[in-house]
Amino acid sequence: PISAVFAFDKTGTVTEGKLSVKDIYPLNNTTPEELLRLAATVEAHSEHPIAQAILEHARKENVSFGTPTGFTAFPGKGASAQVSERKLFVGNHGLFEENGICEDSVHELLGRIEDSEHTAVMIGGNEQIYGIIAIADRVRQAAPDAIAGLRSVGGKRIPMLTGDRESTRLNSRH
């Protein structure tokens, strides 16, 4: 029998590479529409796939959004911009921790989102979190069978190459 190692890039190979909004979790008296409007406004000029998923969802829900000023991207973390005289952040938990905006009360929700194999995108500013948007990519329908086929012909290790945080990588192995 053959003993081999096969490695796959996750996005676009194992998954469809088409991110979409799965859930919206407004916090601190923010409505779902307002949360989506704030996130879309910050992301209005971003080309990042997560930003595009948020913008597409806002358009689908007929949520109007503005044009940000002072947009700054933080590679691998998120972005910030001025929206209606507020400096807002849209991004991952690390970005919020670094900027002193994280609230202990969101850690359980972040854990639930990550456990469901979604990416948590936080939205906040002025030392307050307005909410979290859960983003996901769908596993290609043929991926589980293809991986099982490789195992049946001697694939001993089949690692998935991804930039996801460890909890998502571990939960998405098929």
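Are Phe89 and Phe96 buried or exposed? Both Phe89 and Phe96 are buried, buried being under 20% relative accessible area, exposed over 50% and partly exposed in between (1.4 Å probe, protein chains only).

1. The model is predicted: local features need pLDDT of at least 70, side-chain atom pairs count only at pLDDT 80 or more, and totals for chains, interfaces and linings use all residues. Residues are numbered from 1 along each chain as its sequence is written, and side-chain values use heavy atoms, with hydrogens and water left out.

2. Of the nine residues of strand 8 (residues 128-136), eight are buried, so the strand is largely enclosed by the rest of the structure. Strands (E, at least two residues) and helices (H or I, at least four) are DSSP runs, numbered from the N terminus.

3. Strand 8 pairs in the antiparallel sense with strand 3 (residues 20-26) over six bridges; pairing requires at least two DSSP bridges between the strands. Tyr25 has Ile132 of strand 8 as its bridge partner.

4. Strand 7 (residues 119-125) pairs with strand 8 over seven bridges, also in the antiparallel sense. Thr119 stands opposite Ile135. Two residues separate the strands of this hairpin, and Asn126 takes a positive phi near 50°.

5. Phe74, Phe89 and Phe96 form one aromatic cluster; rings of Phe, Tyr and Trp (its six-membered ring) pair if their centres lie within 6.5 Å, with planes under 30 degrees apart counted as stacked, over 60 as edge-to-face and the rest as tilted. The count is two aromatic pairs. Phe74 and Phe89 have ring centres 6.5 Å apart and planes at 25°, so this pair is stacked.
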